[in-house]
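Subject: The structure I promised you

Hi,

Here is the structure we talked about. Have a look at it first, and then read on for what turned up.

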Amino acid sequence: MKRTLTVCPYCGTGCSFYLVSDGGRLVGVEPSTTHPVSRGGLCVKGWNAFAFVHHSDRLTTPLIRRNGTLTPASWDEAIGLVVDRLRSIQQRHGYDSVMFSSSAKATNEENYLLMKLARAVFATNNIDHCARLCHSSTVFGLAETFGSGAMTNSISCFDQTDLILVIGSNTTEQHPLIGTRILNAAQRGAKLIVADNRRIRLARHADLHLRHKNGSDVALINGMMHVIITEGLMDRLFIEQRTENYAALAANVADWTPERAAALTGLEADEIVAAARMFAAAGRAMIVYSMGITQHSHGVDNVRCCAALSLLTGNLGRPGTGVNPLRGQNNVQGGCDMGALPDVYSGYQKVADPLQRQKFARAWGVSTLPERAGLPLTHAMDAAASGLLRGMFIMGENPLLSDPDQAHARHALENLELLVVQDIFLSETAAMADVVLPAACYAEKEGTFTNTERRIQRVRKALDPPGEALADWEIICALAERAGYGGMRYSGPSQVMDEIASLTPIYGGIAYDRLDRHGLQWPCPGKSHSGTPILHMESFTRGLGRFSPASYRPPAEAVDDEYPFVLTTGRTYFHWHTGTMTRRTHLLDREERTAFVEIHPDDAGRLDVRDRDELLVASRRGEIRVAARLTAMVVPGVVFIPFHFAEGAANALTNNVLDPESAIPEFKVCAVRIRRVV
Amino acid sequence: MKVLYPEHIPAFFTALASRFELRLPVMLSDGTRTIGSLEDGPIALMGGAVPGKPTAAFFPQQGPVFTAVEGAVLPSSDQANRLFVAGFTGRDIDCLRFIDRFFADGWRDDIYFRQRAGAVIAGVSGYCGPGGALLPLIGGGCDLEFVCDGKCWLVLTYSQAGEGIAAELPDTDAEEVLHQIRIESLTAANEGDELIQRASQLLRANRVPDSFWSEIGDRCISCTGCNLACPTCTCFGVQDWRYANNIERSRMWDSCQLDGFMREASGHNPLGSEALRTRRRIHHKLAADPERWGEISCFLCGRCDVVCPTGIGILAVAMEMVDRFEQETIR
């Protein structure tokens, strides 16, 4: 028996547990009882996080497509082929004809190394990862308003707050241990406002449940801010001392009367007034949001409104307050921090800045680094579809299921001259690849993940990877070596972190020997710095907090006679994203075995649909067959489909329309029609 | 009576490691206690019940059932060495006795007994609870018992195996201290028991309305921690993994808090809501098991109350039940 302390590989909460292994096999998990986030508990995915690791579907050897079939190959051949073909494409079509897709599932060190590989070895800023699909609007919106695109406060703040506004987050299902903090806060008497038209569990505990129309968040929050200003409930001192551009905000919301907001949101004007008064009256109020805010064609505007509401009421820089975007993946915060983004190096240092380019070039031992920002992932798929992008290297992501408009994604991937996928299972995307590289999973390697509250934590190796699989960082280093670059020789991930710390001020104080128990929260600029649980306490990262007024824009696709239902997509409690791990975990798979659509009983009645009937759901982009789930969780006129299931892929339907500033797709709203399959 | 001095603890257990596969309370690197091996961390007998169930030594969260290779079925292998498992509190010993009965009844669970049979069980008691609080004396049901008198560990033996293990330890004359602990234990032993009995009576008299279970169910996120930490929860699921040359069947702890646990092949679920499932969890321990086994199957080990992130472990729910529904009847 052996116990290995590590971090959960699922959501961004960052719970900690011990992997229990016996004779090289995992036999269970035991929660850490001292961990400040999980405090001895776990959610159902955490309790089962060991259970996919030995699955017989694990990739154990490199695969190369020969005569149309993926066949086993040696590492030497596979690595050589990847490097040669990427180089060949770049020689014929330019450096920016290839794209690197990093992974929010991989460690900080691996994200940093893939970023370095793309920039220093392959001379392109075409590097991005799935943060593009989840919180790119947060990174943009909060950087603009506060100077830092991360969760402002800590998870412990839920124990100190007087009010929580949960908007667009099904927290008990998607960040369950944070959800329980909110449940506990409500239990002890903190006010709870839930703004989400799905009747999520938190709504059952809410003082106010606002079931506003999908995509009407700007109208709702502008309406709330109108009430707060009109009734003089704002924090004048905070506005005066800590913010700028207030006049523009006040002017923008001046005509957002509750009645106007009510008309657009579908709420009663009284509900908006009540929410505004309740929020403004709280001594300490937290905003919690997630994909319901970000995944819109106006995602950045939604984020701006959340930021403005907190600025207006002085709810920043103190315990129990803040704008708290809950990061989805275990290491999506870290993926961003590490510069797996097309426009920044690690620590959000801009590639457009010549001094930064010079700093990184010197450290990496290269003469120049590319200066033009690379392609966001979503634009890269468009570029692949149109033939501008020729090669793609994907580490630990499954865009065929996770990207919007599956037909478009499939066409884009098929159109590539070279598709390389590095993963732990043969995902739907990997099955399309020319080369597949087998990777170690989280239990089989060392590294760090950064959770949603910016806590950098150690991930530890409990056992060896299966077959010939290697850790992602080892594969990346092998690629660099084969490409003739000698600057990626490391004794292990700890040494990579030392390099990260030397180049990244917010990680400047991070070293493995400092992370042993419960990690450190960035910014942590020096080796004696104890980390930063709450951002913007004395001043904002950008100096003054900026009000960024937002105008209402409706979702890109409206319902009509032909497509009369709003489709919104998301996850279920039991599965993770494209299901590669959770659908191979017995108990989790048993809970949700098949694709389904949540439909209100009134709508079902009109369509003569009964529970578990097979339905054909179609949008302008595709159609899928899924089982009906009749539930009052959704409002009439809106249906919900989780995107886990390849055989009923929600993203066959979604709309590949992007927020103009963050390039995030509008996963949360598109129009569909439904009929029963007879 | 034998005694184990704190400074001799590492050597004493290290010596046992040549004869047994050891499972002891140890302190892991982040301060979490568990029942692990000497390699996991320093021995930590102090601190009370460990958070994980000690019966995991005999039935891990996931473990092999058999391997099928070319038509032959190979059972899971026996434990190489006899197990020595220490760290059971008195309440844990009650739990162990209960699941021993359960797994032996009717269809005997041979996989469980392959680990359990011959295992040496050591209890802990005395002033070794959290902050030095008293854990009631056990007095049997195990092979030996380590009783903390505040300074050292008095060693009481109840079987030949226990006597053999303690034989080399020095003798002590601590009858007076032991007597004092025994007296204190009589009071401490009943804490909570009366409450759980009263909760059981309320349930069996059908005096807890469905609305109560809806409230409790609304606070349940189906993490399954209550079941996975409970030493008397015995339900498990089974899975088969097909590899290139063999098929592995394994089983894992299951949870009645999951929808799929009771879902029928038709898709219908007689326990299709959190309210019904939460009710079942508590009802099973406090009302159904007394009918079948003649005793309540919650021995108040406290683990579900510790592991539950929303405060609806069995003791918390029993307290709420008693508070609300006994009073209501009196009124």
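Before the interface, one term: buried area is the accessible area, taken with a 1.4 Å probe, that two parts lose on being put together, summed over both. Also, this is a predicted model, where local features need pLDDT of at least 70 and side-chain atom pairs count only at pLDDT 80 or more, while totals for chains, interfaces and linings use all residues. Residues are numbered from 1 along each chain as its sequence is written, chains are lettered from A and ligands numbered from 1 in the order in which they are written, and side-chain values use heavy atoms, with hydrogens and water left out.

**Where the chains meet**

Chain A and chain B bury about 3800 Å² between them, and 49% of that is on carbon and sulfur atoms. Met1(A), Trp47(A) and Arg590(A) supply 15% of the area that chain A buries against chain B, more than any other three residues. Counting by contact (heavy atoms within 4.5 Å), chain A brings 45 residues and chain B brings 48 residues.

The interface also has six salt bridges; the rule asks for a side-chain nitrogen of Lys or Arg within 4 Å of a carboxyl oxygen of Asp or Glu. Glu248(B) makes a salt bridge with Arg25(A), and their closest N and O atoms are 2.6 Å apart.

Strands here are DSSP runs (E, at least two residues), as helices are (H or I, at least four), numbered from the N terminus. Two strands pair if DSSP finds at least two bridges between them. In chain B, four strands make an open antiparallel sheet in the order S5-S4-S11-S10. Strands S5 (72–75) and S10 (236–242) of chain B are at the edges with a single partner strand each, so one side of each has no neighbour in the sheet.

Who sits across from Glu248(B)? In S11(B), Glu248(B) is the bridge partner of Thr67(B), and Trp241(B) stands opposite Glu248(B) too. S10(B) and S11(B) form a hairpin, with four residues between them.

Chain A has a hairpin as well: S25(A) and S26(A), with four residues between them. Five bridges join this antiparallel pair, and Glu614(A) has Ala627(A) as its bridge partner in S26(A). On the other hand, S24 (residues 596–599) and S26 (residues 623–630) of chain A are parallel, with four bridges.

**The inside**

A nonpolar core is a set of buried Ala, Val, Leu, Ile, Met, Phe, Trp, Tyr and Cys residues joined through side-chain atoms within 4.5 Å. Buried means under 20% relative accessible area, exposed over 50%, and partly exposed in between (1.4 Å probe, protein chains only). The largest core has 152 residues, and Leu117(A) and Phe58(B) are among those with the most contacts inside it. Helix H3 (residues 108–121) of chain A gives the most to this core, with eight residues. Leaving aside neighbours within four places in sequence, Leu117(A) is in contact with residues including Phe100(A), Ile476(A) and Met488(A).

**One loop residue to look up**

Leu135(B) is in the loop between strands S7 (120–126) and S8 (144–148) of chain B. Is Leu135(B) buried or exposed? Leu135(B) is buried, with a relative accessible area of 13%. Beyond its neighbours within four places in sequence, Leu135(B) is in contact with Gly48(B), Thr89(B) and Cys128(B), among others.

Cheers
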